[in-house]
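Q: Could we go through this structure together? I would like to begin with the whole chain and then turn to details.

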Amino acid sequence: MSSLEGIAREVRRCRRCRLGYIRKNAVPGAGPSRAKMFFVGEAPGRDEDTSGRPFVGQSGKILTAILKSARVRREDAFITSVNKCRPPGNRRPRADEVATCRPYLMRQIDLVRPRVIVALGLHSLYALTTFRGSMSKARKYQFVYHGIPLIATYHPAAVLYNRPVRATIRKDIALAAQIARTTKPREGGIDPVPGIPFRKRVSSGGVPWDGGSKFLLIRRMDEGLWGIPKGGVEEGETLEQTALRELKEEAGLKGKTVCPIKRIRYRFYESESEMNFDKTVCYFLVRVRRGKVKLERGFEDYRWCTYEEACRILHYTNDRSVMRAARMAVRRLS
Ligand code: SF4
């Protein structure tokens with residue numbers, strides 16, 4: 001079935017794991033089919049089991065209050081959980097129960113295509129990513145699930161035992177709301193439109209490398225996404241010169257190109273200009289000294305990352321493949 005209501009009907013009939021035999025009501029989730037924010041809890045509790053609605057008990061009241069203080073309208077968000085049926089005695093869902101139920105969640109995310117996902121609690125995060133670690137560590141990263149930014153925060157129930165956590169959850173939800181507001185919608189029609197001629201575009205970028213194990217990433221303010229400094233090649237510039245200029249302009253750092261590492265070519269349609277583009281981006285490994293980073297307007301943060309950290313927070317598949325090429329180049333040099 002290919003609609004949210006279709007999935008909800010399947011969930012209500014489901015007996016694929018033992019929880020289906022002991023629940024009162026399955027809780028598929030609720031919210032608009034075009035929600036920009038998508039919240040994922042762990043599993044229904046007693047009140048949810050009784051009502052068939054997500055987050056209506058004590059945790060739900062806390063979540064609603066936090067959403068309000070972060071200026072997010074609850075009715076605008078899609079709210080669900082990894083497991084759709086209540087585990088007895090509020091125990092954690094077991095690994096096999098998570099694995100059996102997770103496809104429903106994945107299909108819901110695929111249909112809604114939100115601009116941001118918020119994982120409420122570690123176990124929701126574990127169900128959607130390969131990350132394994134503490135929440136305090138997880139909060140340092142911006143994860144990506146199938147190209148969608150994912151923010152991890154504490155489960156609202158944590159406030160019942162530790163009141164100061166409320167401010168942390170609020171801060172994380174406010175960040176997610178900012179991402180939802182500023183991230184451009186993913187265009188379904190990004191493929192070239194037949195019959196429109198292609199215009200060529202060439203860009204160049206550099207992966208800033210400190211000579212050891214760290215690479216510099218910068219985060220754009222408008223999209224809230226991490227990336228690699230790059231930009232269009234200007235008249236009379238070589239590809240290397242563009243990569244170094246972009247690094248200087250975007251991060252205020254000087255560098256030296258070490259070697260070319262990757263060339264990426266892709267074709268797309270841009271609705272703003274109503275044109276098809278045939279774009280090539282050339283990337284270099286750029287050796288930089290870890291001086292003071294001075295971000296250009298339009299960027300809000302920077303981070304020196306290991307290869308693994310970079311791959312966790314980079315949004316685009318292409319950027320992750322560039323990081324792989326950078327790591328291979330560094331290995332060849334050592
Ligand atoms: S928890 Fe999920 S897989 Fe298990 S019975 Fe409920 S809906 Fe089905």
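A: The questions below concern a predicted model, and they go from the overall fold to a helix pair and the ligand.

Q: What does the secondary structure of the protein chain come to?
A: The protein chain has 11 helices and 12 strands.

Q: And what does the C-alpha trace span along its principal axes?
A: The span is about 70 × 50 × 35 Å.

Q: Why does the radius of gyration agree with a compact globule?
A: A compact globule of 334 residues would have a radius of gyration near 20 Å, and the protein chain has 22 Å, so the two agree.

Q: How much of the chain is made up of buried residues?
A: Buried residues account for 42% of the 334 residues.

Q: Now the helices: at what angle do α1 and α4 pack?
A: Helix α1, residues 4-13, packs against helix α4, residues 95-112, at about 170°, and their axes are 10 Å apart. Angles over 145 degrees count as roughly antiparallel, so α1 is roughly antiparallel to α4.

Q: Which residues make that contact?
A: Leu4, Ile7 and Val11 come from α1, while Tyr104, Arg107, Gln108 and Leu111 come from α4. By class, five are nonpolar, one is polar and one is charged.

Q: Changing topic, which residues come nearest to the ligand?
A: Cys14, Cys17, Gly20, Cys85 and Cys101 come nearest, out of 14 residues around the ligand.

Q: Which element gives the most to that shell?
A: Helix α4 does, with three residues.

Q: And how does the shell divide by class?
A: The shell has seven nonpolar, three polar and four charged residues.

How values were computed
Residues numbered from 1 in each chain as written. Predicted model: local features only at pLDDT ≥ 70, side-chain atom pairs only at ≥ 80, totals over all residues. Helix = DSSP H or I, 4+ residues; strand = E, 2+ residues; numbered from the N terminus. Rg over C-alpha atoms; globule rule 2.2 N^0.38 Å. Buried ≥ 20, exposed ≤ 12 C-beta atoms within 10 Å, placed from the backbone. Axes fitted to C-alpha atoms, helices over the stretch in contact; angles between N-to-C directions. Parallel < 35°, antiparallel > 145°, perpendicular 65-115°, else oblique. Contact = placed C-beta atoms within 7 Å. Nonpolar A, V, L, I, M, F, W, Y, C, P; charged D, E, K, R; others polar. Near = placed C-beta within 6 Å.
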